[in-house]
Amino acid sequence: MQKQAAKKNERVEEVFDLFLKHMQAFLKEANLNHEEYTNFVKWADRLGRAGELPLFADVFLETHVLQAMYTKMPGTQPSLLGPYFIEGSPYIEKEPGKPHVLTQRPNEPGEVLYFSGNVSNTEGKPLTNTKVEMWQNDHSGKYSAFDSDAPRYNLRGHFYTDENGNFEVQTIVPVPYSIPTEGPTGEFLNYLDQHSMRPAHLHIMFEAEGHETLITQVFFEGDEWLETDVAEGVREELITKLKDKGDHKEASLNFVMRPE
Ligand code: MBD
Ligand code: FE
């Protein structure tokens with residue numbers, strides 16, 4: 001018996017036709033030979049088997065998808081979701097008058113950071129009760145649930161903006177991140193003679209009723225990798241200052257969401 005065919009998808013057909021059209025022009029220009037094609041297929045197979053396809057796609061392609069979609073739109077520029085977001089982060093309660101404390105180990109290594117911001121929309125209205133989801137690496141440069149053995153939701157969590165659209169969270173200062181260099185993605189970086197670093201960043205995602213979900217990142221002035229981020233995720237308006245307050249650092253940034 002024949003297998004039931006999957007339903008035709010017009011969008012897949014449209015995009016694949018376009019892909020082929022541009023692929024033909026690209027192949028002509030690149031002058032690709034069959035051996036190079038075979039090398040590519042073998043490398044892509046290693047990439048998938050190593051579980052690095054999401055990493056590779058998010059490092060080398062995602063920024064171009066975002067820039068094609070968003071560069072001319074009002075509101076805060078999105079940045080990369082990246083390969084290290086996981087669902088189900090804990091809700092972070094807070095004590096009255098104090099900031100939220102991002103999930104962390106009892107003596108989480110690193111410099112204490114108080115990060116605050118305001119969320120409004122492109123019409124200037126403050127967005128109360130907006131879900132703020134955050135994740136970041138730890139002081140050793142690792143992400144929980146991936147390359148670290150910290151608890152699954154370490155330095156991950158969510159909370160909501162207050163009645164004025166404000167939030168404040170206590171966390172640690174993230175550090176520059178090297179993407180894995182041992183696998184097929186690292187092999188590819190070597191071919192390009194490119195470093196593997198991303199500047200230190202906070203991942204942050206906002207969800208508000210009636211608004212487009214905003215997935216973005218926050219970067220810090222003076223980071224040595226801002227100009228050469230391997231994943232090209234930096235946007236000027238996402239860079240803020242890390243202020244030295246003696247026993248801790250402070251930073252803030254405001255965010256603007258687009259109504260749906
Ligand atoms: C990261 O930490 C990241 O944020 C992205 C986009 C890609 C690789 C590693
Ligand atoms: Fe990241």
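A polar side-chain atom of Arg 198 lies 2.9 Å from an oxygen atom of ligand 1. I start with this contact, and I ask you to keep in mind that the model is predicted. The side chain of Tyr 143 has an N or O atom 3.0 Å from an oxygen atom of ligand 1. For His 203, a side-chain N or O atom is likewise placed 3.0 Å from an oxygen atom of the ligand. How much of the accessible area of ligand 1 does the protein cover? The ligand has 260 Å² of accessible area on its own, and the protein covers 100% of that area.

Let us now widen the view to the surroundings of this ligand. The shell around ligand 1 consists of 13 residues, and the closest are Leu 80, Tyr 143, Arg 198, His 201 and His 203. Two elements, helix α3 (53-60) and strand β8 (201-207), each supply at least two residues of this shell. The space that ligand 1 takes is the largest cavity.

I turn next to the metal. Which residues coordinate the iron ion, ligand 2? They are Tyr 143 through its OH atom, and His 201 and His 203 through their NE2 atoms, at 2.0 to 2.1 Å. In the sequence, these donor residues follow the spacing Y-x57-H-x1-H.

From the metal site I move to the backbone. Most residues other than glycine have a negative phi. Asn 31 is not a glycine, yet its phi is positive, at about 60 degrees. This asparagine lies in the loop between α1 (10-30) and α2 (34-49), and it is exposed, with a relative accessible area of 63%. Ala 145 also has a positive phi, near 75 degrees, and is again a residue other than glycine. The loop that holds Ala 145 runs between β3 (131-135) and β4 (156-160). With a relative accessibility of 31%, Ala 145 counts as partly exposed.

Two other loop residues deserve a comment. Asn 129 is found in the loop between β2 (112-121) and β3, and its relative accessible area of 54% makes it exposed. From Asn 129 to Glu 232 there are 103 residues in sequence, and the C-alpha atoms of the two are 31 Å apart in space. Glu 227 lies in the loop between β9 (214-220) and β10 (239-240). This glutamate is exposed, with a relative accessible area of 69%. Glu 227 also brings us back to the residue with which I began: Glu 227 and Arg 198 are 29 residues apart in sequence, and 9.6 Å separate their C-alpha atoms.

I close with the chain as a whole. How many helices and strands does the protein chain have? Its secondary structure comes to five helices and 13 strands. Its C-alpha atoms fill a box of roughly 65 × 45 × 40 Å, taken along the principal axes. Of its 260 residues, 42% count as buried.

How values were computed: Residues numbered from 1 in each chain as written. Chains lettered and ligands numbered in written order. Predicted model: local features only at pLDDT ≥ 70, side-chain atom pairs only at ≥ 80, totals over all residues. Heavy atoms only, no water. Donors = N, O, S within 2.8 Å, 3.2 Å for Na, K, Ca; no water. Near = heavy atom within 4 Å. Polar contact = N/O pair within 3.5 Å; in protein donor to acceptor, adjacent residues only side chain to side chain. Areas by Shrake-Rupley, 256 points an atom, 1.4 Å probe, with all protein chains shown as cover. 1 Å grid on protein atoms, 1.4 Å probe; cavity = no way out; pocket = protein on both sides within 12 Å on 5 of 7 lines; lining within 4 Å. Sits in = over half its atoms within 2 Å of the grid points. Helix = DSSP H or I, 4+ residues; strand = E, 2+ residues; numbered from the N terminus. Buried < 20%, exposed > 50% of the residue type's maximum accessible area, 1.4 Å probe, protein only.
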